[in-house]
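Subject: Structure for you to look at

Hello,

Here is the structure I said I would pass on. Please open it first, then read the notes below it.

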Amino acid sequence: MSDNNGRPCLWNAMSPTARLAGLHGHSTNRRFAALAAGKNQPKNPVKAVLAGGIAGGIEICITFPTEYVKTQLQLAEGMHSPKYKGIMDCVRVTVKSHGVLGLYRGLSSLVYGSIPKAAVRFGVFEYLSNFRRDSNGTLTSMDGLLCGLGAGLAEAVLVVCPMETVKVKFIHDQTGPNPRYKGFFRGVVQIVKEQGLRGTYQGLTATMLKQGSNQAIRFFVMTSLRNWYRGDDPGKEVGMLLTAAFGATAGAASVFGNTPLDVIKTRMQGLESHKYKNTWDCAKQIWTNEGALAFYKGTVPRLGRVCADVALVFVLYEQTVKFLNKVWPEKDQL
């Protein structure tokens, strides 16, 4: 085939990507080239589940002591004579009484739970977001919020509520003179034996509110920052340092946005949860007996833990996905 001037036409020899790029100019060419390279491809939900699980397991082993301190401060009832004077006092008392390993009490419950939690979170998010991405693979900020909300609700029901209930009971149990739970599995069996399966689902409503808002805020902020950085180039690479910075910012936003829900959830899952009729009654009692500031107990250690948590998880997740793409390439990138 030739053109009007008799010159050979190479159109049929061009790839589909090159044809589209030729039709829409340099900007579109850059976008399709980036997509062809796999930089902004919708992620395979199965890979997302694997990568999320690996990232979640590594992250919790690094950041758990801050989660321990946060939980202890939130469980300390009363404003006039709290058990701990602050973060460092909680660390000092725990180390003095139980050694450094005391700061890792309840870690097993989170390790067993963090892997499926992160797997569900990223798997559901990628599954939902793949329906919302445009032709360039871009997700809007609002779609990021909605997909994050769906991911948060899914992880709350399937993983987080029973995991958090066991964790809080383990940590709270250590504050007593004679701890009753002797290991993760024996502790779980004892909880189920005494309270039934319902005993591992205390505070479900509060957990759903917390996790739903958590992931909605985090993915909204993360999506917004990525879109801002990429500008009109949806395939622009977001490096590890920027991913960590964006993740820490998203984590901080979620802390200030929903710590009151986290405090209520923690109280509903503690060993004294029988004092509360339901989530609303718990919030009412905290407000009446301890004041508004009680809803922000543990904010500082939670801020440190969550910022590190979200930054690490997003970095580990993205790097794991890249590794999986190398060893398990997609058959059709476009």
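Is the crossing of H4 and H10 left-handed or right-handed? In this predicted model, the crossing of the two helices is right-handed. Helix H4 covers residues 107–129 and helix H10 covers residues 299–327. Their axes are 13 Å apart, and the helices pack at an angle of about 60°. H4 and H10 are therefore oblique to each other.

On the H4 side, the contact is made by Leu110, Arg121, Phe122 and Glu126. H10 contributes Arg305, Val313, Phe314 and Tyr317. Of these contact residues, five are nonpolar, three are charged and none is polar.

Next, the aromatic rings. A pair of aromatic rings is described by the distance of the centres and the angle of the planes. The count comes to nine aromatic pairs. In one of them, the ring centres of Phe64 and Tyr104 are 6.2 Å apart and the planes are at 25°, so the pair is stacked. Phe64 sits in helix H2 (residues 45–75), while Tyr104 is in the loop between helix H3 (87–98) and H4, 40 residues apart. Phe64 has 0% relative accessibility, so Phe64 counts as buried. Tyr104, at 29%, is partly exposed.

Phe122 and Tyr317 also form a stacked pair, with 3.9 Å centre to centre and 15° between the planes. Because Phe122 lies in H4 and Tyr317 in H10, this pair ties together parts that are 195 residues apart in sequence. Both Phe122 and Tyr317 are buried. Ring pairs also link Phe122 and Tyr317 into a cluster with Phe125, Phe219 and Phe314.

Regards

Note on methods
Residues are numbered from 1 along each chain as its sequence is written. This is a predicted model: local features need pLDDT of at least 70, side-chain atom pairs count only at pLDDT 80 or more; totals for chains, interfaces and linings use all residues. Side-chain values use heavy atoms; hydrogens and water are left out. Axes are lines fitted to C-alpha atoms, for helices over the stretch in contact, and angles run from 0 to 180 degrees between N-to-C directions. Helices (H or I, at least four residues) and strands (E, at least two) are DSSP runs, numbered from the N terminus. Angles under 35 degrees count as roughly parallel, over 145 as roughly antiparallel, 65 to 115 as roughly perpendicular and the rest as oblique. A crossing is left-handed if the near helix is turned anticlockwise from the far one by less than a right angle, and right-handed if clockwise. Contact means heavy atoms within 4.5 Å. Ala, Val, Leu, Ile, Met, Phe, Trp, Tyr, Cys and Pro count as nonpolar, Asp, Glu, Lys and Arg as charged, and the others, Gly among them, as polar. Rings of Phe, Tyr and Trp (its six-membered ring) pair if their centres lie within 6.5 Å; planes under 30 degrees apart count as stacked, over 60 as edge-to-face and the rest as tilted. Buried means under 20% relative accessible area, exposed over 50%, partly exposed in between (1.4 Å probe, protein chains only).
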